[in-house]
Amino acid sequence: MRIARRNAVAVLALLGAALAAPVQAEFDPIFDFIPLGGRSLLTDVLEGKPPAGEARALLTETRSTQEWVQYLKERKTSLAGLRGLAEEELLTLADYLAVSMPLAADQVPADPAAANWAQILPRDGRDMALEFCQSCHIITVTVTQDRTVEHWLGTMNKPSHIEIKLTPREREALARYLVLNAGIPIDRIPEDLRAGGASY
C-alpha cells in the first residue's frame, strides 16, 4: 500500500514537472545565453518606478519601432530601467512595444506600482521560443539561425510548424525577436545544448 502511494506521488510529481516545463524554461539559468525579450525589458523599466504618465504612455501609445527607439533614447537618462540597456536591448524593447502595445483599456492597471507585470504584459519572442520551439527540437536549432522576418514567417507557415498555437501577431513578434537576437554563435551555446545539430 505504501509503495503504491509512493509511486502515485512520484507519477504526480513527474506529471506536474512536465506540465510546468514551458514556464520553468524561462527561468532556467541554462538559457541565460538567450537575450532578454521585450516583456522582461519592459518589466524592468516599469519596476524602476517611472512617473505614472511615462508608465501609461509605454502601455497605451501606438508607435512604429523607429518612433519607439526615438522615444526611448530621449528618456534613457531619466528612466532608471533604460539607463543600462545596450543598443540591441533598446531595439528589442522598441520592437516589442511596436508589436504588442497598446494594451486594451481594461488591461492597463490603475496603479502601475502595484501591478503584476508577468500576468499583464503579452509574452515576448523569447518566451514563445522557449515555450514552443522546444516542443519539437532543441532550442539551439532556433537561436543559432540568422534569418530575415520573411524567412522566419515562412518557416512558421510550413506544415511542420503551422499547428503551433500562435496568433499572426505573435508569429510576427517571435520572428522580429529572432531577427534581432538569434544568430548566436555555437561557441556561446552551453555544451549540453549543442547536441542535435543547429539547422532546420
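The questions and answers below concern this predicted model.

Q: Which element gives the most residues to the largest nonpolar core?
A: The largest nonpolar core has 27 residues, of which Leu42, Leu58, Leu59, Leu72 and Leu93 touch the most other members. Two or more residues of this core come from each of α2 (38–47), α3 (52–60), α4 (65–74), α5 and α6 (117–120). The element that gives the most, with 5 residues, is α5.

Q: With which residues is Leu93 in contact, leaving aside its neighbours within four places in sequence?
A: Leu93 is among the residues that touch the most other members of the largest nonpolar core. Leaving aside neighbours within four places in sequence, the contacts of Leu93 are Gly38, Leu41, Leu42, Val45, Leu72, Leu82 and Leu85.

Q: How many residues are in the other core, which lies apart from the largest one?
A: Val99, Met128, Ala182 and Ile184 are among the members of this other core. Its residues number 23.

Q: Against which elements do the buried residues of α3 pack?
A: The residues in question are Glu54, Ala55, Ala57, Leu58 and Leu59, the buried residues of α3. Of these, Leu58 and Leu59 are also among the residues that touch the most other members of the largest nonpolar core. The buried residues of α3 pack against α2, α4, α5 and α6.

Q: What is the volume of the largest cavity?
A: The structure holds 2 cavities of 30 Å³ or more. Of the 13 residues that line the largest cavity, Cys133, Met156, His161, Ile164 and Leu174 are the closest to its centre. The lining comprises 9 nonpolar, 3 polar and 1 charged residues, and α9 (149–156) and α10 (168–181) each supply at least two residues of it. The volume of the largest cavity is about 120 Å³.

Q: Which element gives the most to the lining of the second largest cavity?
A: The second largest cavity has a volume of about 90 Å³ and is lined by 13 residues, with Thr92, Asp95, Tyr96, Ala173 and Tyr177 nearest its centre. By class, its lining has 5 nonpolar, 5 polar and 3 charged residues. At least two lining residues come from each of α5 (87–100) and α10. With 5 residues, the element that gives the most to this lining is α5.

Q: Is Lys49 buried or exposed?
A: Lys49 is in the loop between α2 and α3. Its phi is near 55 degrees, a positive value in a residue other than glycine. Because its relative accessibility is 74%, Lys49 counts as exposed.

Notes
Residues numbered from 1 in each chain as written. Predicted model: local features only at pLDDT ≥ 70, side-chain atom pairs only at ≥ 80, totals over all residues. Heavy atoms only, no water. 1 Å grid on protein atoms, 1.4 Å probe; cavity = no way out; pocket = protein on both sides within 12 Å on 5 of 7 lines; lining within 4 Å. Points joined across faces, edges and corners; volume = space filled by probe spheres on them. Helix = DSSP H or I, 4+ residues; strand = E, 2+ residues; numbered from the N terminus. Nonpolar A, V, L, I, M, F, W, Y, C, P; charged D, E, K, R; others polar. Core = buried A, V, L, I, M, F, W, Y, C linked by side-chain atoms within 4.5 Å. Buried < 20%, exposed > 50% of the residue type's maximum accessible area, 1.4 Å probe, protein only. Contact = heavy atoms within 4.5 Å.
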